[in-house]
Amino acid sequence: MSNEAHEIKVIMDCLKALEKNTIGGLPEKIQGDITTHAFIAAGSSFIPVPGASAAANVANIWAMYARINSDIGITFSKNILKTVASGVVANLGGYVVLPGAGELLKFIPVFGSFVGAAIESGIAYAITIVSAYVYIKAITLMARKRIDFNNEEKLQHEVDEILRNDKEEIKAMLKEAKNSYKPQK
């Protein structure tokens, strides 16, 4: 199953679990939001200041989670979304080959910044896509278990469980998403 098909299946499962009406293309809206944020992450890799693009990517994923929540009609506090986004990115970064290499290259003026950004852009794109998968799967599990969406500890627990139990699937998704990344022209 392709990464995109898998994302759509997860989104549909989430919507069914939340018993939402999908008339009006809500799954397409969520898919569009994920794609938009993935390209924002890739673009933020070109911030030449070491460390700034990583911070921008965490903020971007947090904003993506908030947008998904808005699309579906659920709420979590900004603090928990920031915490979850930071944790997911940190965990996913461990799966990626050459984590931080792009940031280190940015210390070399001009050439290093460009090469570092080129390396980072595909990785940032993939991490954003897979971060959406982890988050949507977590809220889907919460809905299936009929856990109140105001229970921030349960959200963190579901995310931690996914990161712990779906390691091989996550690795495969990261690889597929990174390989499918094509910069916009």
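**Note on ring contacts and confidence**

1. The charged end of Lys82 lies over the ring of Trp62, 5.2 Å from the ring's centre. This, like what follows, is read from a predicted model.

2. Confidence should be kept in mind when reading the chain. Its mean pLDDT is 76, with 71% of residues at 70 or more. Helix H7 (residues 152-165) has the highest confidence, at a mean of 90, while helix H5 (residues 101-105) has the lowest, at 51.

3. Residues 21-25 call for a separate remark. Over this stretch pLDDT remains under 50, and the model gives it 3 contacts beyond four places in sequence.

4. How many aromatic pairs does the structure hold? There are 2 aromatic pairs. One of them joins Phe39 and Tyr125 in a tilted arrangement, with 5.2 Å from centre to centre and 55 degrees between the planes. This pair links distant parts of the chain, since Phe39 belongs to helix H2 (residues 26-44) and Tyr125 to helix H6 (residues 111-144), 86 residues apart.

5. Tyr125 has a relative accessibility of 11%, so Tyr125 counts as buried.

6. Tyr65 and Tyr135 make up another aromatic pair, this one stacked: the centres are 4.1 Å apart and the planes are at 15 degrees. Here too distant parts of the chain are linked, with Tyr65 in helix H3 (residues 52-72) and Tyr135 in helix H6, 70 residues apart. Tyr65 and Tyr135 are both buried.

Notes:
Residues numbered from 1 in each chain as written. Predicted model: local features only at pLDDT ≥ 70, side-chain atom pairs only at ≥ 80, totals over all residues. Heavy atoms only, no water. pLDDT = per-residue confidence, 0-100. Helix = DSSP H or I, 4+ residues; strand = E, 2+ residues; numbered from the N terminus. Contact = heavy atoms within 4.5 Å. Phe/Tyr/Trp six-rings, centres within 6.5 Å; stacked < 30°, edge-to-face > 60°. Buried < 20%, exposed > 50% of the residue type's maximum accessible area, 1.4 Å probe, protein only. Lys NZ or Arg CZ within 6 Å of the ring centre and 35° of its normal.
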